[in-house]
Amino acid sequence: MQRLIKSGVGWRVGWHPQVEKYQGLIGTDDWAIELTKAELVDFIRLLTQLADTMKQMEAELMDEEKISCEAESALLWLEVEGYPHHYSLRVIVHGDRRCEGNWKEGVAPQLLKGLNSLDYG
């Protein structure tokens with residue numbers, strides 16, 4: 001399998017299984033963070049949880065109410081903030097790099113679709 005990079009408006013993701021340590025990639029047009037496979041799997045899992053939480057909260061909140069939700073593992077921390085249908089995303093990698101990144105409002109659902117289309121198994 002060759003290196004695979006997917007991108008959209010405000011996001012990009014990648015998978016390169018032949019690389020020894022940092023096989024995954026998340027980022028935007030302006031920055032990127034390389035991730036280990038375990039970090040990429042955790043990122044996808046936590047982002048999926050947060051996206052599901054935002055969908056569930058939509059029925060509970062008034063239209064003008066914003067919300068902030070966090071999810072964390074031993075490897076990274078994620079936060080979504082904004083309206084349930086239009087929110088920003090922030091990540092902090094706890095590993096040996098101590099990286100941080102963020103995506104603008106509305107990008108997270110497309111980012112998640114891109115991540116779910118990677119063949120990282």
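This is a predicted model: local features need pLDDT of at least 70, side-chain atom pairs count only at pLDDT 80 or more; totals for chains, interfaces and linings use all residues.
Residues are numbered from 1 along each chain as its sequence is written, and side-chain values use heavy atoms, with hydrogens and water left out. Helices (H or I, at least four residues) and strands (E, at least two) are DSSP runs, numbered from the N terminus.

**Helix α2**

- Helix α2 spans residues 108-116. Its buried residues are Ala-108, Leu-111, Leu-112, Gly-114 and Leu-115. Buried means under 20% relative accessible area, exposed over 50%, and partly exposed in between (1.4 Å probe, protein chains only).
- These residues cover an arc of only 160 degrees around the axis, so they sit on the same side of α2. The arc is that of the directions from the helix axis to the C-beta atoms.

**The open sheet**

- Four strands form an open sheet in the order β5-β6-β7-β8, with antiparallel pairing. Two strands pair if DSSP finds at least two bridges between them.
- β5 (67-72) and β8 stand at the edges with a single partner strand each, so one side of each has no neighbour in the sheet.
- On average, neighbouring strands of this sheet are turned by 15 degrees against each other, direction ignored. Axes are lines fitted to C-alpha atoms, for helices over the stretch in contact, and angles run from 0 to 180 degrees between N-to-C directions.
- Strands of a sheet pair through backbone hydrogen bonds, either parallel or antiparallel.

**Strand by strand**

- β5 and β6 run antiparallel and are joined by six bridges. A hairpin links β5 to β6 through three residues. Cys-69 stands opposite Val-80 in β6.
- Side chains alternate along β5. Ile-67, Cys-69 and Ala-71 point to one face and are buried.
- β6 (residues 76-83) is joined to β7 by eight bridges, and the two run antiparallel. Their hairpin has two residues between the strands.
- Val-80 also stands opposite Leu-89 in β7. The bridge partner of Gly-82 in β7 is Tyr-87.
- Four bridges join β7 to β8, which run antiparallel. Val-91 stands opposite Gly-101 in β8.

**Helix α1 and Glu-39**

- α1 lies across β5, β6, β7 and β8, at about 25 degrees to β6.
- Glu-39 lies in helix α1 (residues 37-58). Glu-39 is buried, with a relative accessible area of 4%.
- The side chain of Glu-39 makes a polar contact with the side chain of Arg-97 at 2.7 Å. A polar contact is a pair of N or O atoms within 3.5 Å; within protein, one must be able to donate a hydrogen and the other to accept it, and residues adjacent in sequence count only if both atoms are side-chain atoms.
- Beyond its neighbours within four places in sequence, Glu-39 is in contact with Glu-34, Leu-75, Leu-76, Val-93, Gly-95 and Arg-97. Contact means heavy atoms within 4.5 Å.

**Aromatic rings**

- A search of the whole structure finds two aromatic pairs. Rings of Phe, Tyr and Trp (its six-membered ring) pair if their centres lie within 6.5 Å; planes under 30 degrees apart count as stacked, over 60 as edge-to-face and the rest as tilted.
- Phe-43 and Trp-103 form a tilted pair, 5.8 Å centre to centre with 45 degrees between the planes.
- Phe-43 is in helix α1 and Trp-103 in strand β8, so the pair ties together parts 60 residues apart in sequence.
- Phe-43 is buried at 0% relative accessibility. Trp-103 is buried at 1%.
- Trp-31, Phe-43 and Trp-103 form one aromatic cluster.

**Two loop residues**

- Ser-73 is in the loop between β5 and β6. Ser-73 is buried, with a relative accessible area of 13%.
- The Ser-73 side chain reaches the backbone nitrogen of Leu-75 at 3.1 Å. Not counting residues up to four places away in sequence, Ser-73 touches Asp-42, Arg-45, Leu-46 and His-94.
- Arg-98 is in the loop between β7 and β8. Six residues lie between these strands in their hairpin. Arg-98 is exposed, with a relative accessible area of 63%.
- Phi of Arg-98 is positive, near 55 degrees. Most residues other than glycine have a negative phi.
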